[in-house]
Amino acid sequence: MKGKIKILGISGSLRSNSSASAILNIVAGLVPANVEFNIYNRLAEVPAFDDSSEIPAPVVHFIKLLSEADGVFFCIPEYAFGVPGALKNALDWTVSSSTAFPDKPVALITAATGGDKAHAAFLLTLKAISSKIPDGATLLLSFIRSKLNEKNEVKDTATLNSIRSVINSLIGSIQN
Ligand SMILES: Cc1cc2nc3c(=O)[nH]c(=O)nc-3n(C[C@H](O)[C@H](O)[C@H](O)COP(=O)(O)O)c2cc1C
């Protein structure tokens, strides 16, 4: 692959002190130098999906960023046993795009108190939009608050290594 690998990072949380966003920032700091890692932080601007033929400007922008990316890295929490609504809503807009997700390698880290339900549900959505989920590119981090210190750094080496492993799986899939 010529040039830098482009990965778009997306946090499913809009909270200012979000654990999912903290993990995404950690990922951004761990990627190798041949990766350009950009974080999309305009989820709150995406209007509610209405299957309209007129695509709102924030959605056009979102789909453009996705289409330009070689891979997408999601970090999501779980709210009320599900995927955060703002993220699910934004992905609903991409279903009819032939360039946003089909065959695009994606990684998913779910960081929540439990998180298993959102993790499973979001993997189904990632399949529905025909993205490619490489082996080893998914990770469920339960009890996330206990895994981060007050500076939002990962406390233990095992967790850090499992995050590194997800990154490597995503990059390996992009390069193949
Ligand atoms: C309204 C609300 C609902 C929640 N529901 C769940 C849930 O169903 N399952 C779960 O594992 N955690 C749940 N949590 C806990 C969050 O997953 C946890 O606080 C997580 O760290 C929040 O992610 P964030 O910091 O990235 O926003 C909930 C938290 C809130 C505020």
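Is Ser173 buried or exposed? Ser173 is buried, at a relative accessible area of 11%. Here buried means under 20% relative accessible area, exposed means over 50%, and partly exposed lies in between (1.4 Å probe, protein chains only).

This is a predicted model: local features need pLDDT of at least 70, side-chain atom pairs count only at pLDDT 80 or more, and totals for chains, interfaces and linings use all residues. Residues are numbered from 1 along each chain as its sequence is written, and side-chain values use heavy atoms, with hydrogens and water left out.

**Ser173 and its contacts**

Ser173 sits in helix H6 (residues 157-175). Helices (H or I, at least four residues) and strands (E, at least two) are DSSP runs, numbered from the N terminus. Neighbours within four places in sequence aside, Ser173 is in contact with Pro105, Lys132 and Pro134. Contact means heavy atoms within 4.5 Å.

**Helix H4**

Helix H4 covers residues 116-128, 13 residues in total. From first C-alpha to last it reaches 19 Å, close to the 18 Å expected at 1.5 Å a residue. The expected span is 1.5 Å times one less than the number of residues.

Which residues of H4 are buried? They are Ala118, His119, Phe122, Leu123, Thr125 and Leu126. These residues lie on the same side of H4, because they cover an arc of only 160° around the axis. The arc is that of the directions from the helix axis to the C-beta atoms. On the other side of H4, Leu124, Lys127 and Ala128 are exposed.

The buried residues of H4 pack against strand S3 (71-76), helix H3 (85-94), strand S4 (106-111) and strand S5 (138-141). Just after H4, Ser130 takes a positive phi of about 65°.

**Helix H2**

The 12 residues of helix H2 (residues 57-68) should span 16 Å at 1.5 Å a residue. The end C-alpha atoms of H2 are 17 Å apart, which agrees. Val59, Phe62, Ile63 and Leu66 are buried in H2. They share one side of the helix, because their arc around the axis is only 95°. Strand S1 (5-11), strand S2 (35-40), S3 and H3 are what the buried residues of H2 pack against.

Glu68 also lies in H2. Glu68 counts as partly exposed, at 34% relative accessibility. Its side chain makes a polar contact with the side chain of Lys64 at 2.8 Å. A polar contact is a pair of N or O atoms within 3.5 Å; within protein, one must be able to donate a hydrogen and the other to accept it, and residues adjacent in sequence count only if both atoms are side-chain atoms. Glu68 and Ile7 are 61 residues apart in sequence, but 9.0 Å apart C-alpha to C-alpha.

**The ligand site**

How many residues surround the ligand? There are 15, and the closest are Ser13, Ser18, Glu78, Tyr79 and Gly114.

| Residue and part | Ligand atom | Distance |
|---|---|---|
| Arg15, N or O atom in the side chain | oxygen | 2.7 Å |
| Glu78, polar side-chain atom | nitrogen | 2.7 Å |
| Gly114, polar backbone atom | oxygen | 2.6 Å |

The protein covers 68% of the 630 Å² of accessible area that the ligand has on its own. Accessible areas come from the Shrake-Rupley method with a 1.4 Å probe; for residues, only the protein chains shown count as cover.

Ser18 lies in the loop between S1 and helix H1 (19-30). Ser18 is buried, at 2% relative accessibility. The side chain of Ser18 reaches the backbone nitrogen of Ser21 at 2.8 Å. Beyond neighbours within four places in sequence, Ser18 is in contact with Ser11 and Ser13.

**Ala86 in H3**

Ala86 is found in helix H3. Ala86 is partly exposed, with a relative accessible area of 25%. Apart from neighbours within four places in sequence, Ala86 is in contact with Leu14 and Leu43. The C-alpha atoms of Ala86 and Thr125 are separated by 14 Å, at 39 residues apart along the chain.

**Positive phi in loops**

Most residues other than glycine have a negative phi. Asp51, not a glycine, has a positive phi of about 60°. Asp51 is in the loop between S2 and H2 and is exposed at 64% relative accessibility. Phe143 has a positive phi near 50°. Phe143 lies in the loop between S5 and helix H5 (144-147), and is exposed with a relative accessible area of 57%.

Methods: A residue is near a molecule or strand if one of its heavy atoms lies within 4 Å of it.
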